[in-house]
Amino acid sequence: MAGSPRNGSIDLLRGLAAFGIVWFHAKAPQASLGLSGLTVFLLLLIVMNASPLIPFERAVADRANRLLRPWVVWSAIYALAKTAQAMHSNHPLSDEFSSSMLLCGPALHLWFLPFSFFALVALSGLERRLSLQTRGFFGFSLVLCLFALPVSDSLANATLGHPLLEWAAAIPPLVIGVALRSAGSSPVRQCIVLSAAILSFAGVYGTGGEAPIGVLIGLVLVLLALNFSIPDTSASRWVAFMSMAIYLMHPIFLSPLARGAMADKPILLTVAATCLSVLVGECIRRTSLSKMAL
């Protein structure tokens with residue numbers, strides 16, 4: 001939890017989550033399971049958020065440096081890539097850019113960064129007005145958990161555009177994350193949160209909706225990592241650092257590789273895009289650019 005000694009299990013889980021997202025985008029077998037990586041990232045975003053005792057202004061500044069600065073850097077990189085692609089193919093820039101990109105950036109997967117920033121600012125503001133560990137708030141968060149997946153499923157069927165569709169998919173992990181933060185380190189409360197998420201999943205599945213099993217898988221993985229920690233090492237920290245590199249850079253490599261010899265080899269495509277992202281990420285890590293880009 002936030003404020004506890006660094007947990008090596010959490011660091012390794014971040015790396016696994018990033019690989020899962022690449023697996024999903026590469027359309028590998030059972031690709032939808034890879035989306036559990038997104039659930040992991042969102043749950044950890046909330047559960048591991050900074051202590052409310054940190055001054056609000058400092059918390060906002062820290063999150064802006066961690067999330068918005070890389071968003072600006074990679075938005076510029078992807079915008080340049082799209083511009084070059086339009087010039088090379090003699091297509092108008094309007095084919096590569098749209099107004100919806102104002103909410104996420106020129107590459108759709110970048111939606112996660114500004115969304116996460118505003119979610120954490122809202123959480124920090126909430127924690128300065130309410131105690132999330134009270135029984136009353138914990139009960140309220142459980143009620144929200146029960147409705148999170150049905151609401152998300154309804155929004156997904158409302159023909160939303162991007163990135164609103166991604167925001168709707170993020171509702172259940174965010175709500176469950178708040179409940180987990182309210183549960184703290186209590187195993188009983190954590191089991192209650194898991195039960196509420198299972199009931200929410202069953203409610204959607206039972207009514208014929210699209211219940212994302214990845215949410216439950218991600219929740220179980222996070223609970224295991226929180227309760228079965230391993231020592232923090234330089235290797236585990238490196239994996240955590242590379243998880244951001246993999247997430248931000250993998251589309252750069254997936255696109256050209258998918259058009260080549262790996263088009264019908266999604267598992268190899270996943271591994272190759274991940275390894276190339278790690279390679280470039282390691283080069284960036286060894287320079288002063290790491291604080292800006294990753």
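Select Ser-152, which is found in helix α6 (helices are DSSP runs of H or I, at least four residues, numbered from the N terminus). The model is predicted, so local features need pLDDT of at least 70 and side-chain atom pairs count only at pLDDT 80 or more, while totals for chains, interfaces and linings use all residues. Residues are numbered from 1 along each chain as its sequence is written, and side-chain values use heavy atoms, without hydrogens and water.

Ser-152 is buried, at a relative accessible area of 9% (buried is under 20%, exposed over 50%, partly exposed in between; 1.4 Å probe, protein chains only). Show Ala-168, Ala-169 and Pro-172 next: Ser-152 is in contact with them, neighbours within four places in sequence being left aside (contact means heavy atoms within 4.5 Å).

Stay on helix α6 and select Phe-147. Phe-147 is exposed, with a relative accessible area of 52%.

Now select residues 8-25 (α1) and 234-258 (α10), which pack at an angle of about 10° with axes 7 Å apart. α1 is therefore roughly parallel to α10 (angles under 35 degrees; axes are lines fitted to C-alpha atoms over the stretch in contact, and angles run from 0 to 180 degrees between N-to-C directions). Residues of α1 at this meeting include Ala-18 and Ile-21; those of α10 include Ser-243 and Tyr-247.

Conventions: Helices (H or I, at least four residues) and strands (E, at least two) are DSSP runs, numbered from the N terminus. Angles under 35 degrees count as roughly parallel, over 145 as roughly antiparallel, 65 to 115 as roughly perpendicular and the rest as oblique.
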